[in-house]
Each structure stands twice: as structure tokens, then as C-alpha cells.
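Have a look at it first.

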Amino acid sequence: MSWIREGELNLIEKISANILKAGPMPKHVAFIMDGNRRFARKKQMERQEGHMQGFNKLAETLRWCKHLNIQEVTVYAFSIENFKRSQNEVDGLMVLAKQKFEKLLEERENLEKHGVCIRVLGDLNMLPLDLQQLIAKAVVSTKTHNKCFLNVCFAYTSRYEITNAVREMAWGVEQGQIKASDVSEALLSECLYSNNSPNPDLLIRTSGEVRLSDFLLWQTSHSCLVFQSVLWPEYSFWNLCEAILQYQLNHTSIQKARDLHREHQAFVQLEADRACVAEHLQHHGNGKPADARRRQEALQHYATCREERIHDFLEALQNRRDSYYTDLLSDAVVA
């Protein structure tokens with residue numbers, strides 16, 4: 001089954017989509033695609049077939065999102081916690097993932113036509129090497145596409161992602177690229193796997209469960225959360241429309257919360273910069289109090305230097321991540 005489904009919406013779907021698009025639309029939607037195993041039990045089929053049906057529904061959902069002008073989709077494909085399932089099921093999911101990424105690579109022309117950029121978020125070192133190499137090929141071959149984005153969270157949990165971001169910042173301090181005083185909420189966000197994406201506007205979980213299961217905990221603090229009882233393989237266009245409508249009904253309050261948080265972040269950063277400058281002036285001012293003009297000049301200079309340090313650090317971090325994929329592809333060629 002193809003990752004990219006062609007085809008138009010039917011007339012009623014088109015009319016409904018146009019009505020929805022008259023209001024504020026989410027640009028980034030995240031899905032916890034829950035219910036594949038329950039669907040398999042309900043239909044008396046093998047678990048693996050349930051997971052296959054779940055992938056088919058993802059392809060269909062991406063088509064709906066395209067017609068609704070939703071430019072970015074993030075999906076929870078495989079949690080680190082899923083490794084605790086039976087070995088038989090885990091092995092089956094790895095085989096399915098390998099098949100789907102092989103299929104994706106066969107569709108590179110179609111992905112280029114639609115401008116689809118594939119990103120895979122998680123600790124890929126936990127995966128079999130051949131699957132890592134397929135993922136690397138998919139990511140590298142689509143990295144310049146910029147019309148729409150599909151983020152696949154694989155071998156992922158949010159707490160692991162946040163812990164890894166803290167380790168990345170600690171590495172930057174150890175290397176002398178940033179100072180301990182540069183560490184902030186904003187910098188941590190830039191060190192997450194999802195640093196190239198805006199935070200989701202809308203998060204949808206299917207199957208009736210009403211928890212996030214360690215998915216995008218940091219990124220969804222100001223997102224609309226919608227929990228729907230339908231099993232993922234049975235998800236419909238109308239379920240998606242219902243979720244978007246809930247987002248629209250709550251859009252004003254969500255936007256207000258985001259704006260307030262952004263203002264608070266800026267205030268906290270300004271206060272942190274002022275504290276660093278005050279300490280510096282105290283140690284280098286020969287006991288003389290600095291006048292307002294000197295304090296302001298020192299503050300602007302410090303902020304500029306901090307931004308340059310962080311820019312260089314994030315560039316080095318991105319190079320490290322890019323080299324991981326490059327090394328995987330080099331190993332695949334040698335093999």
C-alpha cells in the first residue's frame with residue numbers, strides 16, 4: 001500500500017472541507033494511532049494484519065490532511081515501551097516497518113512531486129541496522145522537500161527525548177560551545193528531536209484512551225487535545241473534521257495561552273541576561289556602579305554574544321545528527 005494516496009474528496013467531503021477552511025485551521029496535527037490490536041481482535045484477525053490496516057489508514061489520513069491544507073503531520077508509530085511486548089509482535093512490527101520504508105523509497109518520485117519531507121524522530125540505535133539504513137535513505141532523500149512534512153516517531157518516548165535534549169546541552173557546555181547560563185527552556189526546545197517543526201496545533205488520540213502515553217509532552221503544552229473513541233483502522237474523514245472543529249472552537253484560548261507563554265519566555269530570558277550582566281559588571285567595574293547607558297550597552301552585547309554561541313552550538317548539533325545518517329548510508333554502501 002502506497003504512502004501517498006492519490007484521489008479527490010467526494011462532493012460532500014469537499015463542501016465540508018471548504019466550510020472548515022473558512023475558519024482557523026491547524027497547520028500541524030499529531031496522531032496517537034491507537035486501537036490496531038483491538039481492531040484485530042474485533043475482526044478476528046492476526047495482530048499483524050491489524051497493524052497493516054493501521055498503516056493503510058495513515059496513508060488515507062495523510063490524503064485528507066493534504067486536502068485540508070494541513071502541512072505537517074506527526075504520528076506515534078512505535079514507542080520505546082513497545083519493546084516490552086512479545087518478541088513475536090515486536091519482530092513483526094520491525095518487518096512491517098522495513099517493508100513500508102522500502103515502499104517509501106520506491107515512491108521517491110511521488111514524494112518529490114508532492115514535496116513530502118520525511119523525518120523520523122527517536123533513538124534509531126535501538127532498531128535493527130538494516131531498518132536504520134532504510135530510514136536514513138528515506139530521510140536524506142526527502143530532506144530538501146518543503147511542501148509538507150511527515151514526522152514518524154519511532155523508538156520514541158517524550159521523556160527519553162527530553163532527557164536526550166538535556167544531555168545535548170550538557171555536551172555543549174562541556175565542549176565550551178555554550179555557557180551553563182545559556183541553558184533555558186527555549187534552548188531545550190531547540191535540542192529536541194522535533195526542533196525543525198512548530199509545535200502541534202492539534203493532537204488526536206483514537207481508541208477511547210485519554211492519556212498521552214509519553215508522546216510529545218513538551219511540545220503539546222499549548223495544543224488542543226482531542227480524544228476520540230473510534231479505533232484507528234476505522235478512523236474516518238468525519239472523525240478528523242470533528243477534531244478540527246474542536247480545535248476551531250478552542251482556537252482563541254489556545255492562541256492566547258501561546259502568546260502569553262511566548263511573552264513570559266522573553267521576560268525570563270531578559271531577566272537572566274540582566275543577572276549575568278550585573279554579575280559581570282560587579283566583578284569588572286572596579287567598584288564603581290555602572291550608569292544606565294553602560295548597563296544597556298553591556299546587556300545588548302551580552303545578548304548578541306549569547307545568541308551567537310547558541311547559533312554555533314545548534315549548528316554543531318545539527319551536523320552531528322546529519323553525520324549519523326551519512327555514516328549509516330556509507331556503511332550501507334560498503335556492505
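Which residue stands opposite valine 152 in β4? That's valine 120. Before going further, bear in mind that this is a predicted model, where local features need pLDDT of at least 70, side-chain atom pairs count only at pLDDT 80 or more, and totals for chains, interfaces and linings use all residues. Residues are numbered from 1 along each chain as its sequence is written, and side-chain values use heavy atoms, with hydrogens and water left out.

Back to β4, which covers residues 148–156. Strands here are DSSP runs of E with at least two residues, helices are runs of H or I with at least four, and both are numbered from the N terminus. Two strands pair if DSSP finds at least two bridges between them. Strand β3 (residues 116–121) runs parallel to β4 over six bridges, and strand β2 (residues 72–79) pairs with β4 in the parallel sense over seven bridges. Seven of the nine residues of β4 are buried (under 20% relative accessible area; exposed is over 50%, partly exposed in between, with a 1.4 Å probe and protein chains only), so the strand is largely enclosed by the rest of the structure.

Now for the cysteines. There are zero disulfides (pairs of cysteine sulfur atoms within 2.5 Å). Cysteine 305 itself is partly exposed, at 25% relative accessible area.
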